[in-house]
Amino acid sequence: MSDQMARLMRVVHALKAAVTAGGDSRERAAHVLLFPLSRLGPQRQSALAEMVHADPSTVSRHVTVLVDAGLVRRVADAHDGRASQLVITPAGTDVVAAMHREREALFDSVTAEWSDEDLTAFGDLLERFVGDLTDALPSVVAAQSRPTPEKDR
């Protein structure tokens, strides 16, 4: 399974490269932040970084790209006037819809020969796997940050 996961990550990387060829890859990378904003509504930038498992400085750069492109706007946080929340704009919603259509078309094409049962089973198992992997992430991060004799050298 680990070999197939590594292969999947390489294929996904190649797909991303193909999609961004000739375009602004920074903007396309920033678009990942639009999905939770679309699904969950306004969010603080720090919460968004946690949701997408990204470094806050990376998210900050992506948010700047999104704001400059008019896909997201900052609004004062109603609970803390010193903070702001990020809100997806109608243009951002249009980008999310277009990306959903692109993904669906790709997956429909790739799985065109699959039976409904195979699609359902794969979807269910993939959801379970991603959930379990997400749940394991904090312990993996904690294990990586613990000092080891090799790290102390």
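**A chat about the pocket, the patch and the fold**

Me: How much space lies in the largest pocket?
Reply: In this predicted model, the largest pocket holds about 2600 Å³ of space.

Me: OK, and how many residues line the largest pocket, and which lie nearest its centre?
Reply: The lining is made of 48 residues, and those lying nearest the centre of the pocket are Leu-8, Val-12, Lys-16, Arg-103 and Phe-107.

Me: How do the lining residues divide into nonpolar, polar and charged?
Reply: For the largest pocket, the lining has 29 nonpolar residues, together with 11 polar and 8 charged ones.

Me: Which element gives the most to the patch?
Reply: That is H6, which contributes 3 residues to the nonpolar patch.

Me: Where is Val-11 found, and why does it count as partly exposed?
Reply: Val-11 is found in helix H1, and Val-11 counts as partly exposed because its relative accessible area is 43%, a value in between the 20% limit for buried and the 50% limit for exposed.

Me: What about Leu-48, is that buried or exposed?
Reply: Leu-48, which lies in helix H4 (residues 45-51), is buried, because its relative accessible area is 0% and buried means under 20%.

Me: How far apart are Leu-48 and Arg-128, in sequence and in space?
Reply: Leu-48 and Arg-128 are separated by 80 residues in sequence, while in space the distance from C-alpha to C-alpha is 23 Å.

Me: Let's step back to the whole chain: how many helices and strands are there?
Reply: The protein chain has 8 helices and 2 strands, and starting from the N terminus its elements follow the order α-α-α-α-α-β-β-α-α-α.

Me: What box do the C-alpha atoms fill, and what share of the residues is buried?
Reply: Taken along the principal axes, the C-alpha atoms of the protein chain fill a box of roughly 50 × 50 × 30 Å, and 20% of the chain's 153 residues count as buried.

Notes
Residues numbered from 1 in each chain as written. Predicted model: local features only at pLDDT ≥ 70, side-chain atom pairs only at ≥ 80, totals over all residues. Heavy atoms only, no water. 1 Å grid on protein atoms, 1.4 Å probe; cavity = no way out; pocket = protein on both sides within 12 Å on 5 of 7 lines; lining within 4 Å. Points joined across faces, edges and corners; volume = space filled by probe spheres on them. Nonpolar A, V, L, I, M, F, W, Y, C, P; charged D, E, K, R; others polar. Helix = DSSP H or I, 4+ residues; strand = E, 2+ residues; numbered from the N terminus. Buried < 20%, exposed > 50% of the residue type's maximum accessible area, 1.4 Å probe, protein only.
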